[in-house]
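These are my notebook entries on one protein model and the ligands placed in it. I record what I looked up, one topic at a time.

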Amino acid sequence: MHTRPPTISIYALLATTFLCSCSAYVAQTPLSDDRCTETTVAILGGGMAGVAAAQALSNASIDDFIILEYRDTLGGRVWHTDFGKDPNGKPYVIELGANWLQGLGSEATENPVWALAQKYDLQNTYSNYTSIRTYNETGPTDFRPLLDVYADAYQIAARDAGRILMQNLQDQTARTGLALAGWRPRKNDMAAQAVEWWSWDWEAASTPETSSLVFGIAGENLTFNQFGQANHLVLDPRGYSTIIENEAATFLTDPVRDARLRLNTPVTRIEHFANGVTVHTKDGTCVRAAYAICTFSLGVLQNKAVTFHPELPRWKRTAIEKFNMGTYIKIFMQFEETFWPDDTQFFLYASPTTRGYYPVFQSLSTENFLPGSNILFATVVDEQAYRVERQSLHETKDQILEVLREMFPNKQIPEPTAFTYPRWTTEPWAYGSYSNWPAGTTLEMHQNLRANTGRLWFAGEATSAPYFGFLHGAWFEGREAGENVAALLQDRCATVQGVETCGDRMFYDPLNGTTPLDAYSGLNGWPVSSTQV
Ligand SMILES: Cc1cc2nc3c(=O)[nH]c(=O)nc-3n(C[C@H](O)[C@H](O)[C@H](O)COP(=O)(O)OP(=O)(O)OC[C@H]3O[C@@H](n4cnc5c(N)ncnc54)[C@H](O)[C@@H]3O)c2cc1C
Ligand SMILES: *[C@@H]1O[C@H](CO)[C@@H](O)[C@H](O)[C@H]1NC(C)=O
Ligand SMILES: *[C@@H]1O[C@H](CO)[C@@H](O)[C@H](O)[C@H]1NC(C)=O
Ligand SMILES: *[C@@H]1O[C@H](CO)[C@@H](O)[C@H](O)[C@H]1NC(C)=O
Ligand SMILES: *[C@@H]1O[C@H](CO)[C@@H](O)[C@H](O)[C@H]1NC(C)=O
Ligand SMILES: *[C@@H]1O[C@H](CO)[C@@H](O)[C@H](O)[C@H]1NC(C)=O
């Protein structure tokens, strides 16, 4: 079910290998001696950010670009697959990647993803987080009151985070912020651990220990206070990615035949020079461009799946290694019957031994989702996701059935008729799910992640300061990079979200510490120099 082996794009062949001067496709991509296709902008990756960048260029009348995409389809981490069978024997369509529209926005503050969902009539349903039942190893056990205890502490922590931001005080971990606000669950209080996982880890795909308090909460605020609290789960037979494919069709003359889209084309090497960028691909072709916009995931950059020549500057590599790529895995199962209460959307399970062990199950068999589908899915993140990735489907299935037997002790739990999950950490075009802002990371450090290095620009979910991790973050960043590059090509400034930006993005080198050298003294416990002993 994973990525198919790359096949050579027919258009790549047409344009470069056959060296044919007979076709209309070739005319717009003049060949040079070394068989690189020449273009103005190379867009690396065809996910939300890449497609938004291409559209922004097209909107600015720059139509000479090429999108290079690893997989056989657009959409990137918005990725669906067929699963199980409906009563007529036809498969259902499930989302392995992005699933929710998060914050629907309003006319005043539009969430661009919601706008696209409206434009293309994307099917989605309100996720009701109060439609929840709680369980532990003895069966149903109501620890929902703890959800309110957490929510009260979170509000205090959020205000504190706002104060820290406004007064330029030192950031904390989310753990510290929650603890100071009165939430510090004991390690053996598994109900509280489950509530904390549901409230923090599930969205961040990282623990409160590793997450920045200020940027974690600012991120929540910027999406959910600005665009609204509602989350809608997308369940569309065309897949969530239909909005990305349809947007691409607004500027590609024909998404299949337009030579500006090269699917099945993994990029292996990026050479960046003062006057341009040359991109080499696995099939031996190359593209030479005046500018490139790289939208590869943070995981792809961290795993060195693509090499840069010359090596990226140290300030850029530091930012890449500093930001955190998380993993979020949905495990889908279909049964012959719905043995769980079908009036409820969420089932929270507190494992007696292990925090985050199959903690949440969602029913798709519920009204307004896929009623009658008998589909349930569990979510694991972070360490539990890596563990599940290292074991077989069979082992995972057995563990889940054991959990379900604990949750529903009076039911006969049947074997699932279908069972699957993706392994995000090892997908060679993603290496993880989405990013999270780590503690001890300033806005300047993050800006270094999104800054261009000469003619090479960066965009994607992770480069968004306000919306990292979200699909709308990828859209905003793609658009902005596209507009910035268009402006450079047209020798003008760009106005993005009301702010004028001209030329290169700023970056910070060096990133200064906060403690001046003369503050290291015996008075605060530093009597000797650590660098000279
Ligand atoms: C499991 C999961 C759940 C999520 N849930 C939500 C959610 O509910 N709501 C939400 O808003 N967001 C969610 N997200 C996040 C959302 O999917 C991402 O923020 C968004 O899709 C990122 O878009 P992008 O364009 O930045 O990156 P990508 O989608 O990763 O696009 C980059 C593209 O580059 C391609 N590529 C990579 N390497 C190469 C290479 N070497 N050569 C050529 N091409 C390459 C990839 O194939 C991909 O198409 C989720 C993500 C995951 C994985
Ligand atoms: C391109 O222009 C269209 C039409 O005005 C607009 O709907 C779309 O959002 C623009 N795309 C980007 C990425 O700016
Ligand atoms: C959400 O679920 C709760 C609990 O079942 C219910 O009381 C409430 O009416 C639901 N809200 C909406 C908007 O459906
Ligand atoms: C987040 O929003 C809350 C509620 O509006 C506010 O009190 C707090 O200051 C905000 N915090 C940050 C970091 O933006
Ligand atoms: C699980 O719930 C039962 C019933 O509420 C309780 O007696 C038991 O202690 C709980 N288990 C754990 C590990 O907390
Ligand atoms: C870092 O410190 C140096 C030396 O004090 C200073 O010149 C520079 O402006 C500082 N840089 C930043 C980004 O604050």
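Which element gives the largest share of the shell around ligand 2? I looked this up before anything else, bearing in mind that the model is predicted. Helix 3 gives the largest share, with 4 residues.

**Entry: ligand 2**

I listed the residues that surround ligand 2 and found Ala52, Gln55, Ala56, Asn59, Trp475 and Arg479. I then looked up the elements behind this list: helix 3 and helix 15 each supply at least two residues of the shell. Helix 3 spans residues 48-59, and helix 15 spans residues 471-489.

A side-chain N or O atom of Gln55 is 3.0 Å from a nitrogen atom of ligand 2. For Asn59, I noted 2.3 Å between a side-chain N or O atom and an oxygen atom of ligand 2. On its own, ligand 2 has 360 Å² of accessible area, and the protein covers 54% of this.

**Entry: ligand 1**

How many residues are around ligand 1? I found 37, of which Glu69, Arg77, Gln102, Val267 and Leu471 come nearest. By class, the shell of ligand 1 holds 20 nonpolar, 13 polar and 4 charged residues. Helix 3, strand 5 and helix 15 each contribute at least two residues to this shell. I note that helix 3 and helix 15 also each supply at least two residues to the shell around ligand 2.

Gln102 places a polar side-chain atom 2.8 Å from a nitrogen atom of the ligand. Asn99 takes part through its backbone, with an N or O atom 3.3 Å from an oxygen atom of ligand 1. Glu461 also takes part through its backbone, where a polar atom is 2.9 Å from an oxygen atom of ligand 1. How much of ligand 1 does the protein bury? Taken alone, ligand 1 exposes 1,000 Å², and the protein buries 98% of that.

**Entry: the sheet with strand 5**

Three strands form an open sheet in the order 5-9-6, with antiparallel pairing. The edge strands are strand 5 (100-102) and strand 6 (124-126), and each pairs on one side only. From one strand to the next, the twist averages 30°.

Which strand is joined to strand 6 by 3 bridges? I found strand 9, residues 231-234, which runs antiparallel to strand 6. Within this pairing, I noted that Thr125 has Leu233 of strand 9 as its bridge partner.

**Entry: ligand 5**

Which residues surround ligand 5? I found Asn136, Glu137, Thr138 and Thr141. This shell divides into no nonpolar, 3 polar and 1 charged residues.

I then recorded the side-chain contacts with oxygen atoms of ligand 5. A polar side-chain atom of Asn136 is 2.3 Å from such an oxygen. For Thr141, the distance from a side-chain N or O atom to an oxygen atom of the ligand is 3.0 Å. For Thr138, a polar side-chain atom lies 3.5 Å from an oxygen atom of ligand 5. Ligand 5 has 360 Å² of accessible area on its own, and the protein covers 44% of it.

Definitions and conventions: Residues are numbered from 1 along each chain as its sequence is written. Chains are lettered from A and ligands numbered from 1 in the order in which they are written. This is a predicted model: local features need pLDDT of at least 70, side-chain atom pairs count only at pLDDT 80 or more; totals for chains, interfaces and linings use all residues. Side-chain values use heavy atoms; hydrogens and water are left out. A residue is near a molecule or strand if one of its heavy atoms lies within 4 Å of it. A polar contact is a pair of N or O atoms within 3.5 Å; within protein, one must be able to donate a hydrogen and the other to accept it, and residues adjacent in sequence count only if both atoms are side-chain atoms. Accessible areas come from the Shrake-Rupley method with a 1.4 Å probe; for residues, only the protein chains shown count as cover. Ala, Val, Leu, Ile, Met, Phe, Trp, Tyr, Cys and Pro count as nonpolar, Asp, Glu, Lys and Arg as charged, and the others, Gly among them, as polar. Two strands pair if DSSP finds at least two bridges between them. Axes are lines fitted to C-alpha atoms, for helices over the stretch in contact, and angles run from 0 to 180 degrees between N-to-C directions.
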